[in-house]
Amino acid sequence: MTTIAEQFTREHDELANAAGSLSADYWSISQGLRLLGDRWSLLIVRELLGGERGFNDMSRALPDLSRTLLSQRLKRLVQLELVIRNDETGPRGSRRYRLTPVGYGLRQTLESLGLWAS
């Protein structure tokens, strides 16, 4: 069974080989946006940069994000191997989530994006 990350890597390699003369940077940025370019994923990662968080904590920190969509985005981030879900429940039955080392790799990107936007 291939992971979503492996599938996107394979697609990236196929597109890069087909494109030939196009910049590798273009394809890398394009792939990154396909993986994390939705409205909420990077904000969820930002919340987890501070350490392990419960589902309810993240829901309160992102009040415009519905709980259903938060659950969907977290599942996707787990599939992409950016987030780990702790199967033990936290206080009041809340699941706990934390970033993987790959997820923490987004720290500099998010900090740069925040500085640029300021």
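**Exercise 1.** Determine what share of the 118 residues in the protein chain is buried.

*Solution.* Buried means under 20% relative accessible area with a 1.4 Å probe, protein chains only. By this criterion, 32% of the 118 residues in the protein chain are buried. The model is a predicted one, in which local features need pLDDT of at least 70, side-chain atom pairs count only at pLDDT 80 or more, and totals for chains, interfaces and linings use all residues. Residues are numbered from 1 along each chain as its sequence is written, and side-chain values use heavy atoms, with hydrogens and water left out.

**Exercise 2.** State how many helices and strands the protein chain has, and give their pattern.

*Solution.* Helices (H or I, at least four residues) and strands (E, at least two) are DSSP runs, numbered from the N terminus. The protein chain contains seven helices and three strands. Along the sequence, their pattern is α-α-α-β-α-α-β-β-α-α.

**Exercise 3.** Identify the buried residues of helix α3 and explain why they lie on the same side.

*Solution.* Helix α3 spans residues 41–48, and its buried residues are Ser41, Ile44, Val45, Glu47 and Leu48. They lie on the same side of α3 because they cover an arc of only 155° around the axis; the arc is that of the directions from the helix axis to the C-beta atoms.

**Exercise 4.** Describe which residues meet between α3 and α5.

*Solution.* With contact meaning heavy atoms within 4.5 Å, Ser41, Ile44 and Val45 in α3 meet Leu70, Arg73, Leu74 and Leu77 in α5.

Technical notes:
Buried means under 20% relative accessible area, exposed over 50%, partly exposed in between (1.4 Å probe, protein chains only).
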